[in-house]
Amino acid sequence: MIPLSHFLIIGACLFSIGLYAVLTKKNAIQVLIGIEFMINAAILNFVAFGKYDKINGGGQMFALFAIVLAAAGVAVALAIILNVYKHFKTIDPSKIDNLRN
Amino acid sequence: MVEFIPFISSSINDTLASLAYLESEIVLVAGFLLVIIIDLFFSKKLPQMSFGLSMAIVLIVLTQNFTLLNLNPQVLFGGMIVLDHLSVLFKILFCLVSLIFLLFIRFNKSLQEHGKGTGDLYAILLAVHLGMNLMVMSSNLLMLFLSIEMVSLGSYLMVGYISKDSKQSEASLKYVLFGSVASAIMLYGISLLYGFTGSLYLQGPSFIAGLQNLPQLPLVLSLTLVFVGIAFKLSAFPLHFWVPDVYQGAPSPVTAFLSTGPKIAGFAVLIKFLILLQAIGIASNAIFTVLAMIAILSMVLGNFAAIWQNNSKRMLAYSSIGHTGFMFMALFVLPGQGYKALIFYMFIYVIMNMAAFLILDEIEDQTAKQNIDEYSGLGKQLSILMICFVIVLVSLTGLPPTAGFTAKFFVFSTALDAYNSSGSSVILIMIIVAALSTLISLFYYFKIPLNAYLRESTDTEIKASISPKTYLSAFLAFLLLLLIVFPSLIEQFL
């Protein structure tokens, strides 16, 4: 059996990779992929911990809901990115800075 | 599997009994579906039907919530939801926010003239309202995360609803990216909390016991990650950077909504975690110090940055960061006391902030002016509107004779009580900073009447017309004057 710590290490790595992508990538869709990494790190944690919560199965439940919410969030974000592309002809967040005083 | 069979009937009975307390949420769900269907089939013939329907739904929800006041705390759905007096007060606040927001959308020119129509916006509002209601009632981490996401997704859609120009789409992009990152970090924190305790029930004994046995480092780490998500909703100090851009770019009604509804719901969630921290038995001094630091930094940053703003919406965005810091002061209550000062402040804050954005929007509709230095001479041209604006700004500063003074007074006295009982110097510094920042806020709020009344207009005469938004803002300004004379109108419910 794979011990719990292995799952947690992979989760922590995924979370860090995701955060790194969010902070460095110059493309809104790549940032979204980074966010997806972070969410999936949390989902992996939930499923791994949920194995030890046999009575309630709360972890697995939470993972299912989180997957659905992540999909909904990505759908909204992609629609917004499409709108931004229409106006700016780029999706580099660092170049989109019309709003200032 | 077999061992669960005896529990089925009792859990069904519990669910059925709980449904009776959830009438207002059921009405919101039904209304959400109804508004979508009506908008789909009747939007050509009866364009304002979805507006009337959503108004009716929010009014029904408001009356239902009034009947639930002074209720003993009810644990519903096996501990998923706890309905108590405080959450009912929050739900009434949300009804107020939704009502003003609906009227604001109805009379906003740019939203009404857009080809897409506003029917979907009303439907999204009802869904977000449902999410906020669940946020203040949830006592389970799954319920909490679901409702927070419900509010977030709806708000992203509202900000980018028309995306008529590059500014609006930029605001929605920033909001959705920052918001998703904040909620992903929060989700990771929740997963750690679940792993440490094996339970998702915030007030459950195993959750509290699990956190009590935890070493300090993992406890602080996981709670900090969760706090990131909450602070994003509150627009409190470390996570305030999205506020000015999003508030400036979003359509004015949506800005008014974001600065009130989700922020208030975020405070309700924060209160849940504060109660949890007290139950774990962390020294209250440590919690108070962290909270006071956030309050001080939010107030200083919000108020100082607001001085340099010329765009009026951006100025109000920074001032709303300052107000968040001020509301943190009302969280310093002694154990056993309710959050009366906080709720009272929020009622007044909703009225005055909504009114301020209504007036800004009306000025923009009539004169196409967005910057404060262009407001010169408006005092003569839009006289009624500008008188209301002055009353609202006096109230935002917190001076008599407006209810903003009463609200600030309650918050100050709550914080002073906390200082007298604990003697913590951080709280004293916070109170001093709050007093100073009230003084600073005079400078930027009063730039508007200064320009409007004392400087002559250079451009041609504007034909002023009195619109429904003027009446609405006059009514709200009147409420602010009324509530300083009769604060008991709100206080009796607290």
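## The largest pocket

The largest pocket in this predicted model comes out at about 550 Å³. A pocket here is an open set of points on a 1 Å grid over the protein atoms alone, where a 1.4 Å probe fits and protein lies on both sides within 12 Å along at least five of seven lines; the volume is the space filled by probe spheres set on the points.

Its lining takes in 18 residues, with L223(B), T224(B), L277(B), I287(B) and V290(B) nearest the centre; lining residues have an atom within 4 Å of a point. Helix 10 of chain B gives the largest share, eight residues. By class, the lining holds 16 nonpolar, two polar and no charged residues.

## Where chain B meets chain A

On to the interface: 44 residues of chain B and 43 residues of chain A are in contact (heavy atoms within 4.5 Å). About 3,600 Å² is buried between the two chains, with 77% from carbon and sulfur atoms; that is accessible area (1.4 Å probe) lost on putting the parts together, summed over both.

On the side of chain B that touches chain A, helix 8 (166-197) gives the most, 21 residues. That side splits into 22 nonpolar, 14 polar and eight charged residues.

## Ground rules

Residues are numbered from 1 along each chain as written, and chains are lettered from A in the order written. Local features need pLDDT of at least 70, side-chain atom pairs 80 or more, while totals for chains, interfaces and linings use all residues, and side-chain values use heavy atoms, leaving out hydrogens and water.

Conventions. Helix = DSSP H or I, 4+ residues; strand = E, 2+ residues; numbered from the N terminus. Nonpolar A, V, L, I, M, F, W, Y, C, P; charged D, E, K, R; others polar.
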